[in-house]
Amino acid sequence: MTNILITGIGGDIAQAAASIVKQTHPDWRLVGVDMDSRHGGRLFVDHFEIMPPANSDSFIRRLEELVERYNIDFCLPMSEAELSVLARNGIESIGRAQLLWAGKKAIEVCCDKLETAQFVRSLGIAVPWTLPASADVNPLSFPCLFKLRNSAGSKAVFICNTIEEVHFFRARYPSAVVQEYLPDADQEITCAVYRSKSGVTQVLQMRRRLVGGFTGWAEIVEHSAVTEQCVTIAEALDLLGPINIQLRMTPDGPRIFEINPRLSSTILMRHLVGFTDLLWMVNEALGLPIIQPKESVGTVLVRTQGAAVVPS
């Protein structure tokens, strides 16, 4: 039996990943872990365990313990906090379990928004100006975005119209960046990017609308300039797996404002149209070939919701 451990199972991305694995490999055993038990994560796995936070001294030791207890073959870390700890400690496997991730360099660069902007700019790709939110910061224009330097999703992202507002948020979030605000939310594109072990990069572009901080609606589009930039970044990162690149189309071309070095919240949407990056990662770990089909431009995807009663 093949056993896979998925972290952050209380979250939507981990639950979508568990659904995909269970649907594709019904004979596999799934172990889900999370810091909290008040969610529906246990409904998606065969076993549920509590984990300490990623910044805990016992985080890696607890992972090792669970890998040994459940004879885990693959470990799929979902949060950037966990990925950062593993990359920082040079860990590429947990006991006998292979890590399923995008690779050490992608984690180290893209978990830091300031470093991400500097890295992309160094490749000759235009990005919105991005500065550390230090005491003497002087944003180049208003409105601007204030966001945490290390975070995921739309957590703690604020639009500032004055320097006083920047100072207000900096007092509460000292480790942050200010970034050029790009108008026209209807031109926002989220790109699922996967680079295989053979060096082939696949890009799925989705023009999206955010609903509650998540992609609620998406239409598959294709811009050659976006594809070219995504491939350049994937190769420069020595990418081995999936990342998510977010950008807005402007009159001057695409402007990348964030890269998430992990599976993203559109994992189930893109799986439905054949961009099965989670399964590609699993297959490559198993030494199996992967098939990367071409998705249809114009296809529309939407997020749906459900509910369940948890057995007592």
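How much space lies in the second largest cavity? In this predicted model, the second largest cavity holds about 50 Å³ of space. A search of the whole structure finds two cavities of 30 Å³ or more, and both are described below.

The lining of the second largest cavity consists of K113, T116, A117, V120, V127, P128, T130, Q179, I256, F257 and E258. Two elements, helix 5 (113–122) and strand 15 (253–260), each give two or more residues to this lining. Helix 5 gives the most, with four residues. Sorted by class, the lining of the second largest cavity comprises six nonpolar, three polar and two charged residues.

The largest cavity has a volume of about 70 Å³. Its lining is formed by L76, P77, M78, L83, L100, W101, A102, P242, P261, R262, L263 and M281. Of the residues in the lining of the largest cavity, 11 are nonpolar, one is charged and none is polar.

Attention may now turn to the strands. Strand 12 (residues 201–211) runs antiparallel to strand 13 (residues 214–221), and seven bridges join the pair. Within this pairing, V211 stands opposite F214 of strand 13.

Conventions: Residues numbered from 1 in each chain as written. Predicted model: local features only at pLDDT ≥ 70, side-chain atom pairs only at ≥ 80, totals over all residues. Heavy atoms only, no water. 1 Å grid on protein atoms, 1.4 Å probe; cavity = no way out; pocket = protein on both sides within 12 Å on 5 of 7 lines; lining within 4 Å. Points joined across faces, edges and corners; volume = space filled by probe spheres on them. Nonpolar A, V, L, I, M, F, W, Y, C, P; charged D, E, K, R; others polar. Pairing = 2+ DSSP bridges.
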